[in-house]
Amino acid sequence: MLLSAAVCLTFVLAGCGSSDAGQNAAAGSDSAESAGIGNEESAGSTAPNDSGAADGEAADKDDESEAGEAVTLNVAMLGKDIKTACVILAKGLGYFEEEGVSVNFEQVSSLPEGLTAVSTGKLDVLPYGVIPSCSFVSQGTDVVVFGGTISEGSEAIALPENKDSFKNPEDFKGKKIGCFRMETGHMVMKGYLREAGLDITSDVEFIYLDSQASIMEAVLKGEVDLGFVNSGYGYIAKQSGAEVAFAVGDYVEDFPCCRQTTSRQALNEKKDALIKFETALLRAYDVYLNDHDTVIEKLTAYSGQDAAYVEAIMYGTDDYENAMIISLDPNKKKVVDFYEVMKANGDIDASTPYDMADYIDTTVYESALNIMLERGTNEAMYQQLLKEFEEND
């Protein structure tokens with residue numbers, strides 16, 4: 001059992017970003033970065049335009065070379081992390097080429113590294129993290145969220161005898177909770193407990209550890225009462241003797257996890273390519289919903305994991321309910337709400353002059369949705385996505 005868990009640990013999914021820590025998924029490790037996002041991201045910062053959206057000239061600039069070749073988008077990828085399932089599927093199924101955009105995967109060792117590369121124009125897209133994007137924006141870095149990757153995805157693990165002990169905010173009082181800064185769920189839960197009247201600095205003790213593996217070990221040893229993990233790590237924890245106490249989505253629905261982020265310059269100069277990129281992802285999303293066998297086969301081949309693991313974290317099993325929700329919607333309202341939660345929690349500067357709403361573009365996703373609706377394939381599904389978009393953005 002422990003050997004099986006160790007194999008899973010090799011490619012464990014990366015966390016969804018924070019202001020001062022990162023997971024080294026590329027090296028097959030959960031070790032957090034001790035250096036913060038703080039200083040290195042301020043380089044290359046620029047002020048947004050007044051609307052915060054792409055300039056009108058965006059679609060006219062640089063989308064195709066004079067020779068008619070497809071524009072290339074360089075996309076940051078973390079090791080063999082498969083929560084970017086739609087990106088992986090679109091590449092593996094040839095959808096990017098069919099849509100007329102060339103996509104290169106570039107490995108990065110952490111989300112701060114990836115977003116720094118995006119902000120300085122070395123890469124075009126980071127399809128991970130919401131915490132880094134919010135943190136960069138709070139410091140004035142001109143990066144733009146234009147789509148989603150997953151929502152929710154965070155789980156709380158506990159010893160089997162404690163798994164039913166957390167039903168309402170009062171149950172968290174006096175508890176030691178293991179977490180790592182590169183994880184969205186614990187920040188969302190902090191906000192939930194704070195709004196319920198708990199003092200998150202004294203009523204609850206949040207203990208920051210360096211990885212999901214360290215959190216699981218602390219839970220198993222009884223050093224913490226509860227531990228927040230994400231992106232399928234609850235499945236690994238169950239195999240090692242812990243239990244999933246709850247999903248954070250049980251308390252706060254549809255909170256944003258990984259987003260698709262680009263730079264303002266790339267949005268302005270490569271908008272048509274980004275729309276083609278998003279269109280390919282929407283086609284892959286259709287496959288995700290309707291062809292489980294293909295999805296499991298492709299993601300197993302990509303990640304090197306066994307099919308049972310991939311199936312569990314993508315779709316769940318009889319004894320494991322997956323916490324991740326694959327969602328390409330930028331979900332502007334929820335991202336802005338999360339930015340405010342980070343400010344209220346003290347995770348970013350509450351006095352920052354930068355408004356997150358100015359750093360979210362919804363037109364790329366909307367354009368891609370309209371393209372799919374015009375094609376008429378699986379229209380009911382895309383109409384539902386359009387309805388959700390109108391509610392979320």
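Me: Which residue follows H13, and what's its phi like?

Reply: Gly346 follows H13, and its phi is positive, near 90°. Helices here are DSSP runs of H or I with at least four residues, strands are E runs with at least two, and both are numbered from the N terminus. Bear in mind that this is a predicted model, where local features need pLDDT of at least 70, side-chain atom pairs count only at pLDDT 80 or more, and totals for chains, interfaces and linings use all residues. Residues are numbered from 1 along each chain as its sequence is written, and side-chain values use heavy atoms, with hydrogens and water left out.

Me: OK, and how far does H13 reach?

Reply: H13 runs over residues 332-345, so 14 residues, and spans 20 Å from first C-alpha to last, close to the expected 20 Å (1.5 Å times one less than the number of residues).

Me: Which of the H13 residues are buried?

Reply: Val335, Val336, Phe338, Tyr339, Val341, Met342, Lys343 and Asn345. Buried is under 20% relative accessible area, exposed is over 50%, and partly exposed is in between, with a 1.4 Å probe and protein chains only.

Me: What covers them?

Reply: Helix H5 (131-138), helix H6 (184-195) and strand E10 (259-263) are among the elements covering the buried residues of H13, with contact meaning heavy atoms within 4.5 Å.

Me: And E10 itself, how many of its residues are buried?

Reply: 5 of its 5. Arg259, Thr261 and Ser263 are on one side, with Gln260 and Thr262 on the other.

Me: In what sense do E3 and E10 pair?

Reply: Antiparallel, over 5 bridges; strands pair if DSSP finds at least two bridges between them. Val145, for one, has Thr261 in E10 as its bridge partner.

Me: Switching to H14. What do its buried residues pack against?

Reply: Strand E3 (143-148), helix H9 (264-269), helix H10 (271-290) and helix H15 (379-392). The buried residues of H14 are Val364, Tyr365, Ala368, Leu369, Met372 and Leu373.

Me: What comes just after H14?

Reply: Gly376, with a positive phi of about 80°.
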